[in-house]
Structure formats: C-alpha cells, structure tokens
Amino acid sequence: MTPWNPNRRAVLKTLTAATVTVTASAALSRPVHAQGAARVVVIGGGFAGGTAARFLKGHGLDVTLVEPNPTYTACPLSNSVVAGLRSLDRQTFGYDGLRRAGVTVVHQRASKVDAEARRVTLGDGVALDYDRLVLAPGIDMNFGALPGYDDKAAEIMPHAWKAGPQTTLLARQLEAMEDGGVVVMSVPANPYRCPPGPYERASLIAHYLKTRKPRSKLIVLDAKDSFSKQRLFQAAWEKLYPGLLEWVSLSSGGQVTSVDPASLTLVTDFDRVKAAVANVIPPQKAASIAALAEVADRTGWCPIDPVTFESRLRPGIHVIGDAAIAGAMPKSAFAANAQAKVCAAAVATLLRGEKPAAPKLINTCYSLVAPDYGISVAGVYAPSDGRLADVEGAGGTSPLDAPASFRAKEAVYAESWFDTITAEVFG
Amino acid sequence: MRRLAILACVMVAATPIVHAAEAPPGASACSGCHAPRGGASGGIPPIAAKSADEITATMLAYQAGEGEPTVMNRIAKGFTEPEIRAIAAWLVAGR
Ligand SMILES: Cc1cc2nc3c(=O)[nH]c(=O)nc-3n(C[C@H](O)[C@H](O)[C@H](O)COP(=O)(O)OP(=O)(O)OC[C@H]3O[C@@H](n4cnc5c(N)ncnc54)[C@H](O)[C@@H]3O)c2cc1C
C-alpha cells in the first residue's frame, strides 16, 4: 500500500462532515454520499466539465456536476449562426444525458472553493465536500483590459464569444444593417478561446455580406501579426471575398486600444474606425471562480501539471479546458474533451493511490471559410519539461493546394465532429 | 481498500463508455470524432466496425503517406507503431 491513502482520508472526511451536518441547519446540509466511492465535484458543465463528469462516473466515482445554467449553448459552429446559416437551437444541449449516466447535476453557481477543507460552496449556501475537485469553468471576458468595453458595451458591440444571446444579438445586427455598411471586428492577442475562431467568423460574415449585402465591407482589426491557419484563410479570402474583407495586422496598426460604444467607434493608435456593426472580441481570462479558488496565476489563467491536470498552485484541484494553461494545446472544445478524459483517468488513478502514466493528447479544429469550404488544424501533444508540448513531426493544417472536393469534405467533417462530440458529452 | 477496488471494477463494467482497462496514450481522444458505436453516415469515417488489424494498418499507411486521409495522416504521425497497436487493441476491446 502506498504511504498516503486517499480513501482513508475520504472516510475520515465523511465522518467529520457527518458531524457537521448534524449540527448545521437542514438547509445547509449537503447531499448524503454513498459510503465508499470517492467524491469528485466538477465545476462547469461545458465541453471540459461535462466530459469529465461522465468519464469520472465511468471510473466508478461519486460525481457531482455544478453548473448554473439549465442548458448549455455550444460555441463551435456558432459562427454559422452569426452568419444566418444555422439556428441557435442546434447549439443547445441539456443535462439529462449526464443525469442518466449517474452524475448528480446541481444547477447552482459555485461561489467559493476552500482548498484546505476540500469544500465547494454553492450560490444557495450548500457545501459540497470533495476528495478531488475538477475545475472547468471556461472563460470570462477580461473587461478591464480594453478601455470602454464592459458588459453594458457588449450589449451594443457584442463579443458573441460565449454562445447564446450574444450570438443572436450579433446575427440580428448584421441582419438589420443596410447594404453598404462597414462591419468591424476586433481580435485580441493570444491567448484566447479558439485561436482560429475570429477568422472563421470573419469568413462567414464576409460570406453573408457577399451573398446578401454585397456593397458592404468587413474590416478585421487584429492585435496580432500572425494567426492560426493564416495562409489557408488568406488564400481563401483572396479567392472568395476579394475587396470585401480587409485584415489589419498589429504592425499595420490593427490593435484596438479602446472602444466607444456611444458612437460605435473602435480606436487604434493611428485611427478611429466607425462601424455600422462592431464585433468586439476582448481579451479573456479564466472564469472568475478560478481566481477565487486561487488556481489562476498573474496571467489570469491556470498553470497545471501536464500529466494529471492538477493545479500547480493548489493540490487536489484539477483544471481543464479553456481555463487551463495547457502548453501547446489551443483553447478548443476538442482539446477540452480530450483533456477531460485524461484528467478523469488520472483522478481515478490518484484516488486509488497510484501514479498516472504520461498521456498523449490530440486536437483537431475545423473552420468554415464558406458553408462548403472547410479547413482544419491538428496537433498531437505529450508532456515534456513540465508542459504539454507538440509531438514533433505530427499535426499541422490542411494542404494549401487541396481541390474543392477536399474542402467540401472538411466542411462536412466539421459538422460530423460537432454531432459526435456533443453526443459523447451530453447524449 | 480491496472491497473498494472490487466495487470500483463492478461500477466501471456497468457503464457503457469508459473501458475497464486504462486507455493507452492518445486512445481516449478518438471518440471525440469517431463514435464508439455507429457513426453518422457521410460524415467522418466510422471505425466502430473495424478490427484492430484494420485500424493499425490504416494508421500505418497514413503515416507512410498512403491513402486519402484529410487529417488522420497528421495525427498518425504523432504515434509510434506500438502506440498505434495499443490504441487499436483498446478501441476494439471496449466495444
Ligand atoms: C465562435 C467560436 C467558435 C468556436 N469553434 C470551435 C470549433 O470549431 N472547435 C473547437 O474545438 N472549439 C471551438 N470553440 C472553442 C470552444 O467553444 C471552447 O474551447 C470550449 O467551449 C471550452 O470548453 P470549457 O468546458 O473549457 O468551457 P465552456 O464551454 O465555456 O464551459 C464552461 C462552463 O462552466 C460554467 N461555469 C462558469 N463559472 C462557473 C461557476 N462559478 N460555477 C459553476 N459553473 C460555472 C459555465 O456556465 C459554462 O457552462 C469555439 C469558440 C467560439 C467562441
């Protein structure tokens, strides 16, 4: 037997918690847990947390998933919703599938994490004790980082970077815009959710303008000089949307330094750009519970061990998905799902008192440049020098010179991937 | 502790998705695109009906630049032959 035994610890904690429950008011008592199976709490029911909950349950653990929303609205393919090509209903999933899998789903916001006591407190005051915690809360907009931009401004200049009402708002604004209007997008510096996402969105907005409002124009103001799948995107833009889509790089003065919602203006060091429709994708950070749990560092993101996804700052807390600093892995739904499975297996192994083996992870992200024109980027990752690094010789983008049939196939695969992964998480 | 371990095994066996055997490196990612059972027709090629030998042979061919993959050649290159064999065996064992 290993020197430390998590199960013995769990039994002790259960006894302590039982004593607390007796003395606490009925309203504060936590659900009774089956004696035996170790307890894992998962915070956040997105691609990362939903997957983790399902697979932790599959490993025989007692799993409680904490998620405030009764339904989840998925971001992948939501750029098609922005461009009027898809309905938001198809992005929406419930939690009954996870319940059927035996996960206890609690629709509350986690408001506090006590890493010492191994306890999560929910918005309604209920406390959940855990043997291990998986934190998968996604992102928050870093409103402080872009002067003039806050949640009020986002009602006028939507980010649409969390799918839902923001997505609908941006779609409606584009629909209401007169032909001949200027659409302006602002794209942040790395790191942020979905590196190729802004360029997929630019492509599909350009497609919308080309087919519906051909006298209009799209300007993309970027805080970077290079981006994911850049050569593929730019080749496609030249071919499909010449003269319609203008990308302004950092070194050409593309960085937006402030915005003025009242006049729909985006300000750069060199210019003030007035928009008919402004889509401001601001800088981001791990969602606020990460900072409250003290697992986020000064960058606003969460450093983790690349084998177990355990926080480098607080033992017993694992961080997966967009909130984590996952080295070479991008912040994608595919990556979140892959990380969740590795993390769930590692948590189960650790709870048995054993040492998890080094994993390998995969990512594949599809982007649509037009409805029948898909491109992809892939990577394989393994722990190296304490971080998740690219496996040399693997990964990369779709070929630059592929025929239309190849692009059409990857467009179909984008949707096929979405259907399969959402069924795995929520089905 | 022993009883807990037995209990855990029973529970693992009762749930459909997670295999009793620990996934070899990389294997658990496959189901993000390839459903363990069935798979949408016309979409990403299903692997649910393929044998371990077929999966291994296809991945090795993709590594060697053969066949007409879209993305699996780029992914196959991240794995050694023993890793590919282990993944294929695990995928088939979990059905
Ligand atoms: C426009 C766009 C297009 C994209 N396209 C793709 C794509 O094609 N492919 C791809 O792989 N990825 C894509 N992505 C990225 C993908 O959406 C994210 O990487 C993914 O959602 C990350 O999953 P997550 O579980 O970490 O976070 P989320 O999906 O954001 O889930 C986090 C969950 O945690 C909950 N939560 C937050 N705080 C708390 C709290 N305190 N208590 C309880 N719950 C909490 C939230 O309500 C939320 O449900 C895209 C993103 C965007 C914006």
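This is a predicted model: local features need pLDDT of at least 70, side-chain atom pairs count only at pLDDT 80 or more; totals for chains, interfaces and linings use all residues.
A residue counts as partly exposed when its relative accessible area lies between the limits for buried, under 20%, and exposed, over 50%.

**First stop: a pair of strands in chain A**

Please select K217(A). This residue is partly exposed because its relative accessible area is 30%.

Select K162(A) and D140(A) next. Their side chains meet in a salt bridge, at 3.2 Å from N to O. D140(A) sits in strand β10 of chain A, whereas K162(A) is found in the loop between β10 (139-141) and α5 (165-176) of chain A; the two residues are 22 apart and link distant parts of the chain. With a relative accessible area of 34%, K162(A) is partly exposed.

Move on to R352(A) and E354(A), whose side chains make a salt bridge of 3.4 Å between N and O. The relative accessibility of E354(A) is 43%, which makes this residue partly exposed. R352(A) is likewise partly exposed, at 36%. Elsewhere, select R86(A), R90(A) and E415(A) together: salt bridges with shared partners join these residues into one network. Over all chains, the count of salt bridges comes to 19.

Select L351(A), which lies in helix α9 (residues 333-351) of chain A. Is L351(A) buried or exposed? L351(A) has a relative accessible area of 5% and is therefore buried, as the limit for that class is under 20%. The C-alpha atoms of L351(A) and L61(A) are 9.3 Å apart, although 290 residues separate the two along the chain.

Colour chain A by domain. Domain 1 covers 7-138 + 287-357, and domain 2 covers 142-280. The centres of domain 1 of chain A and domain 2 of chain A, taken over C-alpha atoms, lie 33 Å from each other. Where the domains touch, domain 1 of chain A contributes 16 residues and domain 2 of chain A contributes 21 residues.

How much area is buried between domain 1 of chain A and domain 2 of chain A? The value is about 1,500 Å², and carbon and sulfur atoms give 65% of it. To see the domain 1 side, select N79(A), V82(A) and K331(A): these residues lose the most area to domain 2 of chain A, together 40% of what that side buries.

Turn now to the polar features of this interface. There is 1 salt bridge across the interface of domain 1 of chain A and domain 2 of chain A. The two domains of chain A also share 5 residue pairs in polar contact, with both residues at pLDDT 80 or more. Helix α3 (residues 78-82) of chain A, with 5 residues, gives the most to the side of domain 1 of chain A that touches domain 2 of chain A. By residue class, that side of domain 1 of chain A holds 9 nonpolar, 5 polar and 2 charged residues.

Another pair to display is R193(A) and D322(A), whose side chains form a salt bridge of 2.5 Å from N to O.

Show both chains and select the residues in contact: 31 residues come from chain B and 45 residues from chain A. Chain B and chain A bury about 3,200 Å² between them, with 65% of that on carbon and sulfur atoms.

How many salt bridges cross the interface of chain B and chain A? The count is 3. To view a salt bridge between the chains, select E410(A) and R74(B); their closest N and O atoms are 3.7 Å apart. There are also 12 residue pairs in polar contact between chain B and chain A, both residues being at pLDDT 80 or more.

On the side of chain B that touches chain A, α1 (2-14) and α3 (72-76) of chain B each supply at least two residues. α1(B) gives the most to this side, with 3 residues. The residues of the side of chain B that touches chain A comprise 16 nonpolar, 10 polar and 5 charged.

Terms used:
Residues are numbered from 1 along each chain as its sequence is written. Chains are lettered from A and ligands numbered from 1 in the order in which they are written. Side-chain values use heavy atoms; hydrogens and water are left out. A salt bridge is a side-chain nitrogen of Lys or Arg within 4 Å of a carboxyl oxygen of Asp or Glu. Helices (H or I, at least four residues) and strands (E, at least two) are DSSP runs, numbered from the N terminus. Buried means under 20% relative accessible area, exposed over 50%, partly exposed in between (1.4 Å probe, protein chains only). Domain bounds come from an automatic or database domain assignment. Contact means heavy atoms within 4.5 Å. Buried area is the accessible area (1.4 Å probe) that two parts lose on being put together, summed over both. A polar contact is a pair of N or O atoms within 3.5 Å; within protein, one must be able to donate a hydrogen and the other to accept it, and residues adjacent in sequence count only if both atoms are side-chain atoms. Ala, Val, Leu, Ile, Met, Phe, Trp, Tyr, Cys and Pro count as nonpolar, Asp, Glu, Lys and Arg as charged, and the others, Gly among them, as polar.
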